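Hi there,

Here is the structure I promised to pass on.

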Amino acid sequence: MPSNTKPVLLNPEEIAAIQQELGKPSLMGQSLDALIRDTDNYLALGIDVPGQSPAGGYAHNKHVQNGKYIDQAGRLFLITGDEKYAQFAADLLTEYADKYLEMGFHEQKNTNPPGRLFHQMLNEHVWMMYVGLGYSCISSHLSEAQRQHIIERLFEPMLEVATVKYSDKYDTIHNHGVWAVAGVAAMGVACGQEKYIDQALHGLAGDDVTGGFLAQISNLFAPSGYYIEGPYYHRYAIRPLCVLAEITQRLRPEIDIFNFKDQVIRKTIQALLSTAYPNGVFPA
């Protein structure tokens, strides 16, 4: 496992620029204020890592929320410097690392294979992206023993499930596939393992054709940027698409991702915005 290094996704100048907006009436300042209030309310609930439940049950929803707030707390630790956010994320991650391998896999009830936390791997991939990003923000706050425990008992097993146990599902050209590659890339960065970043970008075969992020964005969009699965799934897939594009630009700048395929990422963001109603609401 790699020794502790500064998270490769983080840019101190960007963090400093965001910090300047704290307490200001600017759009960023208002967004930060809302993020702080929302995250503080969740922190007040305390640590809760439940077992399993059916889709939509208590445990399912709690795992979703925990993943989201690990990400939010990580960002706020970088922006505010308040260690309570790092400690909250660290405590949650440690408890997940304690429990993850003790959970069996959910019973499969549809065509999507089950994970340990969720009834389908799609949800597990979503969780991996948020948690990988949050961990990258707080890893410098952790001891080497904490990092090793989280990586060896949680991240590496989840990555193996995604890319080995369910390898036949990983390279799907589909909105599920977009979340899969984003989750693996973010958690691969968290582990400091280049192979997972490469598998996310180029597919398990490494050919940029049968799978991986480059194959996804080569095949999921019309020349106009319109997403072939329609506005609902376009909205659903836009976050992992943009997150992984940013990861790619920072870690593999030679790909020139924002100019890839005639700037398809710019076009697809504009295409999504054009589907919104006049009041800014996207179609259901």
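Let me start with the rings: Tyr 42, Tyr 69 and Phe 88 form one aromatic cluster. Rings of Phe, Tyr and Trp (its six-membered ring) pair if their centres lie within 6.5 Å, with planes under 30 degrees apart called stacked, over 60 edge-to-face and the rest tilted. By this rule the count comes to 8 aromatic pairs. One of them is tilted, Tyr 130 with Trp 179, at 6.4 Å centre to centre and 40° between the planes. This pair links distant parts of the chain, with Tyr 130 in helix H5 and Trp 179 in helix H8 (residues 175-191), 49 residues apart. Tyr 130 is buried at a relative accessible area of 17%, and Trp 179 is buried at 3%.

Before going on, some conventions. This is a predicted model, where local features need pLDDT of at least 70 and side-chain atom pairs count only at pLDDT 80 or more, while totals for chains, interfaces and linings use all residues. Residues are numbered from 1 along each chain as its sequence is written, and side-chain values use heavy atoms, with hydrogens and water left out. Buried means under 20% relative accessible area, exposed over 50% and partly exposed in between (1.4 Å probe, protein chains only). Helices are DSSP runs (H or I, at least four residues), numbered from the N terminus.

Now the core, meaning a set of buried Ala, Val, Leu, Ile, Met, Phe, Trp, Tyr and Cys residues joined through side-chain atoms within 4.5 Å. The largest nonpolar core has 81 residues, and those with the most contacts inside it include Leu 93, Ile 138 and Phe 213. Leaving aside residues up to four places away in sequence, Ile 138 touches (heavy atoms within 4.5 Å) Gly 74, Phe 77, Ala 86, Ala 89, Ala 90 and Leu 93.

Two backbone details may interest you. Asp 208 has a positive phi of about 60° although it is not a glycine; Asp 208 lies in the loop between helix H9 (194-202) and helix H10 (213-219) and is partly exposed, at 31% relative accessible area. Asp 262, also not a glycine, has a positive phi of about 55°. Asp 262 is found in helix H12 (residues 260-274) and is exposed, at 55%.

Enjoy exploring it!
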